[in-house]
Amino acid sequence: QRCKPDVVVGFSWGGAIAIELIRSGDWKGPTVLLAPAHKKLDQLMRRDPPLPALNREHTVVVHSEADTLIPLAHSTELENVCKVRLVKVAGEPHKMWGIAKDGLLQR
């Protein structure tokens with residue numbers, strides 16, 4: 001029996017995988033991308049594909065302004081090109097532990 005999730009949440013490499021699922025057409029539903037590492041994946045694979053057509057109404061990107069592992073600019077590009085909602089988090093490292101504590105994910 002196939003899994004039919006209500007939402008896909010991808011953090012870091014998982015965000016890159018979620019974007020790959022969208023790019024391939026295997027996922028079209030609601031998506032939460034937490035500091036997605038899609039550009040790092042593209043660099044490792046030595047490719048420069050266009051950004052996928054993300055569902056503007058059902059995709060949210062959350063990224064810390066203090067992330068030193070995945071540049072905020074990668075998520076800003078998703079916001080600008082794909083017109084998705086970007087939630088910037090202040091003062092959190094890449095792992096963003098605090099967003100679960102302050103209720104940000106519930107909004």
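This is a predicted model: local features need pLDDT of at least 70, side-chain atom pairs count only at pLDDT 80 or more; totals for chains, interfaces and linings use all residues.
In what order do the elements of the protein chain run from the N terminus on?

1. Overall order. From the N terminus on, the elements of the protein chain run β-α-β-α-β-α-β-α, and there are four helices and four strands. Helices (H or I, at least four residues) and strands (E, at least two) are DSSP runs, numbered from the N terminus. The radius of gyration of the protein chain is 13 Å, close to the 13 Å that the globule rule gives for 107 residues, so the chain is as compact as a globular protein of that length. The radius of gyration is taken over C-alpha atoms, and the globule rule is 2.2 Å times the number of residues to the power 0.38.

2. Residues are numbered from 1 along each chain as its sequence is written, and side-chain values use heavy atoms, with hydrogens and water left out.

3. Confidence. The mean pLDDT of the protein chain is 88, and 92% of its residues reach 70 or more, where pLDDT is the predictor's confidence in each residue, from 0 to 100.

4. Taken along the principal axes, the box filled by the C-alpha atoms of the protein chain is roughly 35 × 35 × 25 Å. The accessible surface of the protein chain comes to about 6800 Å², and 54% of this belongs to carbon and sulfur atoms; accessible areas come from the Shrake-Rupley method with a 1.4 Å probe, and for residues only the protein chains shown count as cover. The protein chain has 15 positive and 12 negative side chains, and the centres of the two sets lie 3 Å apart. Here Lys and Arg count as positive and Asp and Glu as negative, while His and the chain ends are not counted; the place of a charge is taken as NZ of Lys, CZ of Arg, CG of Asp or CD of Glu.

5. Of the 107 residues of the protein chain, 43% count as buried, where buried means under 20% relative accessible area, exposed over 50%, and partly exposed in between (1.4 Å probe, protein chains only). Among contacts (heavy atoms within 4.5 Å) in the protein chain between residues at least 6 apart in sequence, 65% join residues at least 24 apart.

6. The loop between S4 and H4. Both Glu92 and Met96 have their place in this loop, strand S4 covering residues 85-89. Glu92 counts as buried because its relative accessibility is 18%, and, leaving aside neighbours within four places in sequence, its contacts are Ser64, Ala66, Asp67, Trp97 and Gly98. Met96 counts as buried because its relative accessibility is 3%; with neighbours within four places in sequence left aside, Met96 is in contact with Phe11, Leu34, Ala35, Val62, His63, Ser64 and Val89.

7. Two positive phi values. Ala35, found in the loop between S2 and helix H2 (38-44), has a phi near 45 degrees, a positive value in a residue other than glycine, and Ala35 is buried, with a relative accessible area of 0%. Arg46, in the loop between H2 and strand S3 (59-64), has a positive phi of about 55 degrees although it is not a glycine, and Arg46 counts as exposed at 80% relative accessibility.

8. Ser24 lies in helix H1 and is partly exposed, with a relative accessible area of 47%; Ser24 and Pro52 are 28 residues apart in sequence and 8.7 Å apart in space, C-alpha to C-alpha. Trp27 lies in the loop between helix H1 (13-24) and S2 and counts as buried, at 13% relative accessibility. Leaving aside neighbours within four places in sequence, Trp27 is in contact with Pro5, Asp6, Val7, Val8, Leu21 and Ile22.

9. Helix H3. Glu77 has its place in helix H3 (residues 72-82) and counts as partly exposed, at 29% relative accessibility. Leaving aside neighbours within four places in sequence, Glu77 is in contact with Lys39, Leu51 and Cys82; Glu77 and Leu51 are 26 residues apart in sequence and 9.0 Å apart in space, C-alpha to C-alpha.
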